[in-house]
Amino acid sequence: TLSSCTLSREMTVRVITPPSAGNGLPVLYFLHPWGLSPRYILEKLRLPEHLWRGIARGALPPFIIALPEGGKSFYVNALDPPGHDWAAVVASAPRFFEGALEQYGRYGDYLWGEVMPAVEDRFGVRKDRAGRAIGGISMGGAAAAYHAFRAPEAFCAVGMHSPAVFKPPPEQGGPPWIFGTTPESFAEYSPAELAARLSPDTQPRIWLDCGAEDPLLENVRALHRALDAHGLAHEFDIGPSGHNKLYWEPRMPNYLAFYAREWGEADG
C-alpha cells in the first residue's frame with residue numbers, strides 16, 4: 001500500500017515474487033486494462049501460476065512482477081484541458097466511462113516517482129535498463145508503449161498486448177480529459193506518433209500483438225505500420241479470439257518468456 005502524495009489517495013501495488021526471491025532480481029512492471037485491476041491479472045489471467053510454473057520447469061529465470069493500480073488513467077499525466085463539460089462524452093458510453101472522471105490524474109508521475117522507487121526499495125530489484133521491462137494489456141499495453149517510447153533508456157523490453165490505441169480526434173481519440181481534444185495533443189500520447197522518437201540503434205525490444213476479432217485490430221495494425229515506417233524491429237502477432245481473457249490467458253507464458261529473454265539462465 002502506498003500513501004500517494006501525487007494522487008492524494010491510498011494506492012495498492014501487487015507484487016509477485018518468485019520462490020526463494022532475493023535482492024538484485026530483474027523486474028517487470030505490468031499494467032492492467034481499463035476498468036479492471038491487478039486482481040484481474042492475478043486471478044483471471046493466473047500470472048503468478050504462469051511465473052512460478054515457468055521457473056519450476058526451467059523455462060524462466062527468477063524475476064519479480066509489479067502490478068500497480070491504474071484506475072482508468074492510462075497511467076499517464078492527464079492533459080485535463082480546462083473549460084470542458086465531459087457529460088456528453090460520458091453519456092455516450094455510460095458503462096464504459098463509469099467512474100472514469102474520478103480515476104485519472106498524474107498517474108505518470110505516480111508510476112515513476114512513487115511506484116518504481118517503492119518496489120526498488122522494498123524488493124531490491126534491479127534499477128538498470130537491462131534488468132527492467134514494462135508491458136501491459138489493453139489500456140496497460142498502450143501505457144507501456146507511452147512510457148517505453150518516451151524513455152527507451154529505462155527499459156530493455158516493452159510489450160503491447162491488445163493495446164488500447166485510438167485514431168486521432170475527431171474520430172476515436174480516446175478519453176479527451178486525458179489526451180486532449182486536438183490531433184496535436186493526442187499525438188503526445190499516441191504510441192504510433194511517439195515511435196518517431198525511437199532509434200533502431202537504441203530501441204527496447206518490442207512485442208505487439210492482438211486478437212483477430214479485437215475491435216481495435218485496425219488501430220493496432222496502424223501502430224505496426226508506424227513501427228515499420230520508422231525502422232523499428234518488433235514482433236507482431238495476430239491470434240484467434242478477441243479483446244478478452246480467452247486471448248490473453250493462454251499467451252501469458254509466451255509473454256513472460258519475451259520479457260525474460262535476456263535475463264540469464266533459468267534455474268532448472
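Reader: Is Cys210 buried or exposed?
Author: Cys210 is buried, with a relative accessible area of 0%; buried means under 20% relative accessible area, exposed over 50%, and partly exposed in between (1.4 Å probe, protein chains only). This is a predicted model, in which local features need pLDDT of at least 70 and side-chain atom pairs count only at pLDDT 80 or more, while totals for chains, interfaces and linings use all residues. Residues are numbered from 1 along each chain as its sequence is written, and side-chain values use heavy atoms, with hydrogens and water left out.

Reader: And Cys156, buried or exposed?
Author: Cys156 counts as buried because its relative accessibility is 8%.

Reader: How many disulfides are there?
Author: The count is zero disulfides, where a disulfide is a pair of cysteine sulfur atoms within 2.5 Å.

Reader: Turning to the sheet, what is the strand order?
Author: Seven strands form an open sheet in the order β3-β5-β4-β6-β7-β8-β9, with mixed pairing. The edge strands, β3 (13-16) and β9 (235-239), each pair on one side only. Two strands pair if DSSP finds at least two bridges between them. Strands (E, at least two residues) and helices (H or I, at least four) are DSSP runs, numbered from the N terminus.

Reader: Which strands does β7 join, and how do they run?
Author: Five bridges join β7 (residues 157-161) to β6 (residues 132-137), and these two run parallel. Five bridges also join β7 to β8, again parallel. His161 stands opposite Ile137, and its bridge partner in β8 is Asp209.

Reader: Why is β7 described as largely enclosed?
Author: Five of the five residues of β7 are buried, so β7 is largely enclosed by the rest of the structure. Ala157, Gly159 and His161 cover one side, and Val158 and Met160 the other. In a regular strand the side chains alternate between the two faces of the sheet.

Reader: Which residues touch the most other members of the largest nonpolar core?
Author: Tyr29, Phe74, Phe149, Met160 and Leu227 do, out of 59 residues in that core. A nonpolar core is a set of buried Ala, Val, Leu, Ile, Met, Phe, Trp, Tyr and Cys residues joined through side-chain atoms within 4.5 Å. The largest share of this core, eight residues, comes from α5.

Reader: Which residues does the second core include?
Author: The second, separate core has 28 residues, among them Phe30, Leu60, Cys156 and Tyr255.
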